[in-house]
Amino acid sequence: MTERYINPHTDFGFKRLFGSEFNKELLVSFLNALFHGEQTVRDITYLNSEHLGDRSDARRAIFDVYCTNERGEKFIVEMQNVYQEFFKDRTIYYSTFPIREQAQRGGDWDFHLNSVYTIGLLNFNFAEGEENARRWHHEVKLMEVDTHEVFYDKLTYIYVEIPKFNKSEDELVTMYDKWMFVLKNLSRLMSRPAALQERVFTRLFEQAEISKFNPQELKSYEDSVNAYRDIVNAIKTAEKKKYAEGRAEGRAEGRAEGRAEGRAEGRAEGRAEVARKMLRKGIGIDVITEMTGLSADEVVALKD
């Protein structure tokens with residue numbers, strides 16, 4: 001391993017930092033940072049992360065991290081590396097399990113529910129458009145359409161787009177900033193940044209240092225890294241293939257113009273058409289700009 005610290009985007013890395021009883025203070029700190037002080041979590045208890053439906057043949061759900069706090073509120077925390085067409089549907093489906101398990105069998109249950117939070121840490125961009133170009137934190141609740149007032153405040157979905165967070169070390173102000181910096185950059189660091197001096201980060205960097213792993217932990221982490229790299233390479237290959245196909249179409253369109261300026265316009269339009277196709281596929285703006293040479297503003301302007 002050439003890295004000093006683990007990659008939190010891997011299954012092993014994420015669960016080591018946030019999914020173990022031994023390191024639960026890391027998850028408590030992250031949750032409190034995520035809620036900007038509005039939601040104070042003093043302690044958590046880890047719960048069974050594997051759930052089945054109401055029938056024996058029902059589809060099961062396996063959460064990365066599932067826990068409850070001292071008030072009985074439930075938290076699902078997921079690291080998601082790959083965009084899925086029905087990703088939002090999946091998070092809604094996942095939230096039904098902690099809701100249904102609160103039902104009391106027998107007796108006079110009054111349907112009182114504790115809050116449920118579904119938190120998606122996304123290693124891709126899923127909210128496109130000019131307004132969302134720089135927004136990386138999205139908090140969703142049930143809302144009354146006409147008044148825009150929250151209709152039900154006990155069901156919350158939080159989506160965090162890690163690639164969009166671009167603050168440098170000297171720009172980190174809040175604990176949320178610092179945690180986002182860690183999530184995005186941990187595996188690329190060779191030393192603990194001066195901006196991360198809080199005690200909780202002392203714990204984090206101790207647990208993240210690969211050289212301290214025993215042989216079994218190192219083997220498990222290497223397997224997890226290989227699985228993560230396979231996913232990343234598969235995505236890049238698919239994106240390059242889509243780009244090549246679109247670029248070929250663009251060149252053909254350019255040749256059809258027949259004049260030098262027509263060829264130039266055709267190449268430009270070809271890049272634009274490639275970008276449109278990539279946008280329809282849900283590919284992030286940063287990838288599109290890299291592949292086509294268009295600016296982020298030009299890509300945003302192409303959205304339907």
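Here's a walk through this predicted model, from its sheet to its helices. Residues count from 1 along each chain as the sequence is written, and side-chain values use heavy atoms, with hydrogens and water left out. Local features need pLDDT of at least 70 and side-chain atom pairs count only at pLDDT 80 or more, while totals for chains, interfaces and linings use all residues.

Start with the sheet. Six strands make an open sheet with mixed pairing, in the order β1-β4-β5-β6-β8-β7. Strands (E, at least two residues) and helices (H or I, at least four) are DSSP runs numbered from the N terminus, and two strands pair if DSSP finds at least two bridges between them. At the edges sit β1 (44-46) and β7 (137-143), each pairing on one side only. On average, neighbouring strands are turned by 25° against each other, direction ignored.

β1 pairs with β4 (residues 65-69) in the antiparallel sense over three bridges, and Tyr46 stands opposite Cys67 in β4.

On to the helices. α2 (residues 24-34) lies across β1, β4, β5 (74-80), β6 (116-122), β7 and β8 (150-161), at about 120° to β1. Axes are lines fitted to C-alpha atoms, for helices over the stretch in contact, with angles from 0 to 180 degrees between N-to-C directions; contact means heavy atoms within 4.5 Å.

Finally, the axes of α4 (residues 175-185) and α5 (residues 199-208) come within 12 Å and cross at roughly 10°. That's why α4 and α5 are roughly parallel to each other (angles under 35 degrees count as such). Met175, Lys178, Trp179 and Val182 of α4 meet Val200, Phe201 and Leu204 of α5.

Technical notes
Angles under 35 degrees count as roughly parallel, over 145 as roughly antiparallel, 65 to 115 as roughly perpendicular and the rest as oblique.
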